[in-house]
Amino acid sequence: MGKISPQNLFAKPLRKTSSLKSFALILLLAALALCLSGCQLHEKLLDEQLDLFVSSMNADDPSLLFSGMHPQVFREDFDPFYQQIKPLWRPAGAEDFKMTGVQVNTRQVNGERYGRYTGTWKVKLEEELYQLTIVYDVDEKGSGIGTLSFYRIEETPLAVSVTGIALVILCFAFIIYTAVDILRKKPRAYILVLILAVALTFGFRAGTVQIAIPLGSIGYWVLRRRLLKKRSGDLASPLS
């Protein structure tokens, strides 16, 4: 009869733990890839609306721009708006616009998918800085640009820009730190907890600064002690 060495005793649990870690990392990378691909699809949709806006303004063709508006936007309301923004326009290309924000809100009602996609850009025209905001709506009435604004803004101070970048870096660092803690501590249902901690992030704009709040990671730290206590209870139960 062979002897059971410490190496043999712990070999299988260690391999199982390693497999779970690998599986959790794969899910984490898949969640990040899904978020990135979703962002790219939304940006492509909004970029199409930007191209339409730029082409219409360069050609001074309000009918072309109106063709991309939501069915709930009426021509008698659109024409005065176009006449207001036309004097601000100078010939430019879509590549001159810098996207500064994307916000997506989607929901499903009675099997129908509704969405609101908001894109914000900045552009410099003859030494003047302008902001363009396009809101693309998808609902039971149809799809198209529901809201559009174009107006002159002041230059963003360097300190404000640096603050915005620092906040984004801080948010990502906090999410990574949280993900590492989840993988180390392995709370109850930690794979699901990991996905929620990484994926649930709420973004909004405060003035000229884009702020992201990692709601999933914050929620994990609020519930961390309870999750770890449940995990300890699950591990202890077979011995009771």
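How many helices and strands does the chain have? In this predicted model, the chain has 6 helices and 6 strands, and, read from the N terminus, these elements follow one another as α-α-α-β-β-β-β-α-α-β-β-α.

Of the 240 residues of the chain, 31% count as buried, while the chain as a whole exposes about 15500 Å², of which carbon and sulfur atoms supply 61%. Among the contacts in the chain with a separation of 6 or more, 54% are accounted for by residues 24 or more positions apart.

An open sheet of 4 strands, paired in the antiparallel sense, is arranged in the order β1-β2-β3-β4. Its edges are formed by β1 and β4, each of which pairs on one side only, and neighbouring strands of this sheet are turned against each other by 10° on average, with direction ignored. The two edge strands are listed here.

| Edge strand | Residues |
|---|---|
| β1 | residues 98-109 |
| β4 | residues 142-153 |

Between β1 and strand β2, which covers residues 112-125, the antiparallel pairing extends over 11 bridges; Met99 has Trp121 in β2 as its bridge partner.

On the surface, a nonpolar patch is formed by Leu192, Leu196, Leu200, Phe202 and Leu215, which together have about 470 Å² of accessible area. Leu215, one of the residues of this patch, lies in helix α6, which spans residues 215-236. Leu215 counts as partly exposed because its relative accessible area is 47%, a value that falls between the limits of 20% for buried and 50% for exposed residues.

Methods. Residues are numbered from 1 along each chain as its sequence is written. This is a predicted model: local features need pLDDT of at least 70, side-chain atom pairs count only at pLDDT 80 or more; totals for chains, interfaces and linings use all residues. Side-chain values use heavy atoms; hydrogens and water are left out. Patches are made of residues with over 30% relative accessible area and no salt bridge: like charges are joined within 9 Å, nonpolar side chains (Val, Leu, Ile, Met, Phe, Trp, Tyr) within 5 Å. Accessible areas come from the Shrake-Rupley method with a 1.4 Å probe; for residues, only the protein chains shown count as cover. A salt bridge is a side-chain nitrogen of Lys or Arg within 4 Å of a carboxyl oxygen of Asp or Glu. Buried means under 20% relative accessible area, exposed over 50%, partly exposed in between (1.4 Å probe, protein chains only). Contact means heavy atoms within 4.5 Å. Two strands pair if DSSP finds at least two bridges between them. Axes are lines fitted to C-alpha atoms, for helices over the stretch in contact, and angles run from 0 to 180 degrees between N-to-C directions.
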